Every structure is written in structure tokens, then in C-alpha cells.
Amino acid sequence: MASAIGIRGYLVTAHKKGDKAVLSFDADEFNVKPSQFFTNFVAGHAAVVQNDEKERSWYFEEREGDGEGSSRGYTHYGTFGFESNFVDSKTKAKNYRRKVDDIEEIPLFYEYWRPEGADLCFAAFQSFQGRSCIKLVMDQAQEEFAAINPGYILKFRKLLPSEGSSLYSKAPVRRLRLIKRNAPQDVTDRFLGRRVPDKVNFEISMSTNRNKILGSFREVTGALRKNDAGLVLHDGIEFSEVYADVKIGGKYRPVGVFGSDSNAGVIDITEDIVRGADGHPTFESLTKQCDKILLDFYEVLTNK
């Protein structure tokens, strides 16, 4: 199966510390205004930022930018701190022994977009097989903004949280999938009537006929029942992951509703991108999908 490619979307606003009111991006009270800050932030982190405690690294490679806060390109995300073997997938021959201080990097698409004249910015971050460096980047941005503008903060608000009370609470849902990875023997016995040699992934899917919907995002997610362990419970079976097909950017896309931090709130664009020879999505296909998603964020937020 191809590696899952996801997009997380955030609304970025500026505030006086302790105040919920959104400040104008052009307010004179900032030492460095938010739009200029993002331009400086991307340019200022073109060299590797290394976190030895978390054994992670990252840096920006800007491909396109307008000098006024909007920017897109790649965040090169690296992991280090352990040894491993790189082997040929067919022959199993060892090609390379990774050292503790070697950094394994993957390119992850990012985009900051400030609609013209708006007092907000949208941010989109790509994930690859659940791997992402969003928190590292966001924490750094918030820390540096607060240092440059004492008494003021940047807020990153996830636009598709795992709960229904989000920007897309009224969005239509066409399909709901409940997934249990590595289902135990009693679940497979119950449905197959026999034992299977290995654990299997068990999935329940609910969908509608063409042009019909299951309900709104809030209605569908609000109907999910959870047990004392916090897992979704359906027909006596515990499910650790839930995905809903939500209409975003002109089409229905799978969105992680419930599960680990690696999939909750993530828009799955795996089927909509084109992969290069390196196995990663091409910049052009990522740009195309992100443009649709970010524009949809803006139109939903402004009811356009």
C-alpha cells in the first residue's frame, strides 16, 4: 500500500496575551507584524534546526513566497540518534549501516497563506506515513513571535479537530469508517466462524447512495459512543480509529475523526497526489490540493 499522505490545516491569529480578541495583522503595536514575521521566520530557518533532546531536526526550503507572509515549499524533517541497517528490499543485502549521528530526512510540504487584507493566516502541513514535524515548527514560531513582540502571542487553531465542534461542524459526511488494527481472535472468530493464522485489521464502513449524506460532521461524530478506555464502541467491539469522508475543497476527503495524534484531524489526500520517482508527492500535485483546501477553509470561515 502506498504511504499515506495527509494535510493538517490551522488558522493562525495574533492576540494580546490573555485576550481572546483577534488583532489586526497591520496593528502598529507589533514590533514585527505577523505577515513580516512569517517571511522572516521561513528565511531565518533555512539552516538546520536541531533538537538534541527529541533527536529531531528540521529546516525550510521555500519554493514560492510573496515577501508578505505567504510562503510554500518544504520542511525537511530529520530523525537521528539510533543505528539501523539499510538493506535491499529484494536481495536483503545490507547497503549501509546508519550511524547514531546520521540524520534521515524526508521532505514535508508546508504552506502559509494570508488572504489579501485579512487579519489571519492559514497554515497547511503535510504528513507522511503519520510522520510530521508540525509541533516542532509551531512551538518555535510561537516562541520567537512572543520574544520579538513581548506581551503578544500567535495562536494556531486546528481547523479539523477530532470533535464535531470545528469549522466543518455543518459539513456533509458521506461515509464513516471504524477501524480496529490487529483485531483479536475473538473478533475474527465471531465473523468468520473459524480461526485465522494471523491478526487482521477489522473495519466497518457506513456509506450512502449517490448524492445522499449520513449527516453533518457534528451529527455523525456526536453519535459515536466511547467506553471507559476512551475507545469508540460499536456492537460490542472497540475501535481505535475513525475516519469520516467530509466535503472539503470540492470533493469528499477522508478525515481522521478519532485515533492517535498521527491521524486525528488529518485530511487524507493520498488518492489525489502524484508521486515522483523518489516515492514522495510532487510539489505541483501537493500545491494543487493545498490550494483547494486552503481556499475552502477561507470560504467556509467567511461564508463566501
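Setting aside neighbours up to four places away in sequence, D296 touches Y168, K247, I248, G249 and G250. Please keep in mind that this is a predicted model.

**A buried charge**

Where does D296 sit? You will find D296 in helix α5, which covers residues 283–302. D296 is buried, and yet no salt bridge is made by this residue. The nearest side chain of opposite charge belongs to R253, and that is 7.8 Å away. A salt bridge needs a nitrogen and an oxygen within 4 Å, so R253 at 7.8 Å does not qualify as a partner for D296.

Leaving out residues up to four places away in sequence, Y168 is in contact with L159, L160, F217, V246, K247, I248, D296, F297 and V300. The largest nonpolar core contains 76 residues, and Y112, Y168, V246 and F297 have the most contacts inside it. Helix α5 contributes the most to this core, giving 7 residues. In soluble globular proteins, nonpolar side chains tend to be buried together.

**A strand with two partners**

Now turn to strand β4, which runs from residue 71 to residue 79. Why is this strand described as largely enclosed by the rest of the structure? Because 9 of its 9 residues are buried.

Strand β4 pairs with β3 (residues 56–65) in an antiparallel arrangement, through 9 bridges. To find your way along this pairing, look for R56, which stands opposite T79 of β4. The hairpin of β3 and β4 has 5 residues between its strands, and there G67 adopts a positive phi near 75 degrees.

Strand β4 is also joined to β7 (residues 104–113), again by 9 bridges and again antiparallel. Here S71 has Y112 in β7 as its bridge partner. Y112 is also one of the residues with the most contacts inside the largest nonpolar core.

**Salt bridges**

How many salt bridges does the structure hold? The count is 12.

| R114 | D26 | 3.5 Å |

Take the salt bridge between R114 and D26 to begin with. R114 lies in the loop between β7 and β8, while D26 lies in the loop between β1 and α1, so this pair ties together parts that are 88 residues apart in sequence. R114 counts as buried at 15% relative accessibility, whereas D26, at 42%, is partly exposed.

R72 has a relative accessibility of 15% and so counts as buried, while E64 is partly exposed at 36%. These two residues also belong to a network of salt bridges that links E64, R72, E111 and D291.

K135 counts as exposed, with 53% relative accessibility, and D139 counts as partly exposed, with 31%.

Key:
Residues numbered from 1 in each chain as written. Predicted model: local features only at pLDDT ≥ 70, side-chain atom pairs only at ≥ 80, totals over all residues. Heavy atoms only, no water. Helix = DSSP H or I, 4+ residues; strand = E, 2+ residues; numbered from the N terminus. Buried < 20%, exposed > 50% of the residue type's maximum accessible area, 1.4 Å probe, protein only. Lys, Arg positive; Asp, Glu negative; His and termini not counted. Contact = heavy atoms within 4.5 Å. Pairing = 2+ DSSP bridges. Core = buried A, V, L, I, M, F, W, Y, C linked by side-chain atoms within 4.5 Å.
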